[in-house]
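Welcome, and please open the model in your viewer. We will take it one selection at a time.

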Amino acid sequence: MPTDLFMKESKNPYIPFGDRQDSPFYGKDILSVKQFTRQDLEYIFGVAHEMREMVQRVGSFDLLKGKILANLFYEPSTRTSSSFTSAMERLGGSLIPINEVHYSSVAKGESLPDTVRTLECYADVIVLRHPEVGASADAAKYARKPIINAGDGIGEHPTQALLDLFTIYEELGEVDGLTVTMLGDLKYGRTVHSLARLLSLYKVEINYVSPEILKIPSEIIDEVDSKGIPQAEFTSLEPVMPMTDVLYVTRVQKERFEKLSDYELVKSAFTITLETLTIAKERMIIMHPLPRVGEISMEVDNDPRAAYFRQMEYGLYVRMALLAMVLGKS
Ligand code: CP
């Protein structure tokens with residue numbers, strides 16, 4: 001058996017029969033939204049849209065039959081973990097679920113490089129969530145199989161940002177020309193870091209609304225600014241609600257605070273209610289990566305502008321597209 005059998009595209013891979021070596025993401029890691037061009041996004045969303053139609057028409061199909069995904073989660077997850085599981089199974093593949101690393105050899109002190117080198121012996125692709133910024137990029141240095149970043153501490157959550165943007169496309173039909181308002185914990189919220197970067201590929205305006213101690217990091221502002229995107233920061237929602245097309249609400253991330261007293265000060269800074277929406281556009285959407293812990297009142301759930309439950313379903317289609325693409329089947 002050749003030693004390069006499982007190597008990534010950059011390492012001249014063996015292409016199994018039926019795989020698409022011309023697929024632009026074949027064998028590639030998905031580590032950061034910085035790796036995507038607007039053309040890439042259009043390609044991904046095209047495949048995701050096809051996945052949506054296929055699921056609605058036939059439910060499951062055997063595109064990834066014989067392929068195996070390892071889900072390696074060092075932090076809790078409901079949506080990311082279960083949507084990757086569902087995506088793989090709907091595509092006919094199968095799964096090694098390590099959703100609780102304390103029951104794996106990580107509990108015996110096994111390092112991340114050794115853990116991914118183990119899992120790639122058994123799987124074709126590894127989805128990794130880890131509390132440290134850059135953990136997925138580190139893992140990718142050691143792994144010969146594709147690594148998909150499912151959240152690295154307060155760093156990035158690229159597949160979430162892709163599904164967020166896909167949600168905007170599917171719900172509003174366009175991204176150019178929109179005003180996007182991000183609200184809540186913009187300091188620790190990795191989803192907003194990734195989404196702001198992706199949005200900077202479009203002609204949008206971005207508002208950031210947060211308590212002073214949870215402002216968006218300056219490096220994100222600088223990166224987005226370098227693309228010529230108008231941005232503004234606020235500590236209350238009222239001034240920007242009337243012109244907002246997408247309100248992206250986030251949870252205050254208790255687990256990231258060094259001092260619990262700081263969390264207590266800001267944990268209830270914002271709550272979206274039906275009253276909040278009285279000054280909102282009729283045609284706009286409210287998004288949230290979820291879980292929520294009180295930032296959006298349940299009374300909002302039945303408003304047609306509440307897109308956060310539909311957003312989770314769009315995540316399935318985007319993750320089906322990503323798995324198919326990195327495994328050369330799109
Ligand atoms: N949005 C998101 O990442 O949710 P989970 O933490 O449940 O995966």
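Start with two helices, α1 and α5: they are roughly perpendicular to each other, because angles from 65 to 115 degrees count as such and theirs is about 70°. Keep in mind as you look that this is a predicted model. To find the pair, select residues 38-58 for α1 and residues 158-172 for α5; their axes lie 11 Å apart.

Now show the side chains where the two helices touch. On α1, pick Leu-41, Glu-42, Ile-44, Phe-45, Ala-48, His-49 and Arg-52. On α5, pick Leu-162, Leu-165, Phe-166, Tyr-169 and Glu-170. Colour them by class and you will find eight nonpolar, one polar and three charged residues in this contact.

Stay with α5 and look at what it lies across: strands β8 and β9. Against β9, the helix runs at about 165°.

Next, bring up the sheet itself. Its five strands are arranged in the order β7-β6-β5-β8-β9, in an open sheet with parallel pairing. At the edges are β7 and β9 (285-287), each of which pairs on one side only. On average, neighbouring strands here are turned by 20° against each other, ignoring direction.

Zoom in on β8 (residues 246-249), which pairs with β9 in the parallel sense over three bridges. Here Leu-247 stands opposite Ile-286 of β9.

Finally, move to β6 (residues 205-209) and β7 (residues 231-234), a parallel pair with four bridges. Which residue of β7 is the bridge partner of Tyr-208? Select Glu-233 to see it. Then trace the chain from β6 through helix α7 (residues 218-225) to β7: this β-α-β crossover is right-handed.

How values were computed:
Residues are numbered from 1 along each chain as its sequence is written. This is a predicted model: local features need pLDDT of at least 70, side-chain atom pairs count only at pLDDT 80 or more; totals for chains, interfaces and linings use all residues. Side-chain values use heavy atoms; hydrogens and water are left out. Axes are lines fitted to C-alpha atoms, for helices over the stretch in contact, and angles run from 0 to 180 degrees between N-to-C directions. Angles under 35 degrees count as roughly parallel, over 145 as roughly antiparallel, 65 to 115 as roughly perpendicular and the rest as oblique. Contact means heavy atoms within 4.5 Å. Ala, Val, Leu, Ile, Met, Phe, Trp, Tyr, Cys and Pro count as nonpolar, Asp, Glu, Lys and Arg as charged, and the others, Gly among them, as polar. Two strands pair if DSSP finds at least two bridges between them. A crossover is right-handed if, with the strands pointing away from the viewer, the path from the first strand over the helix to the second runs clockwise.
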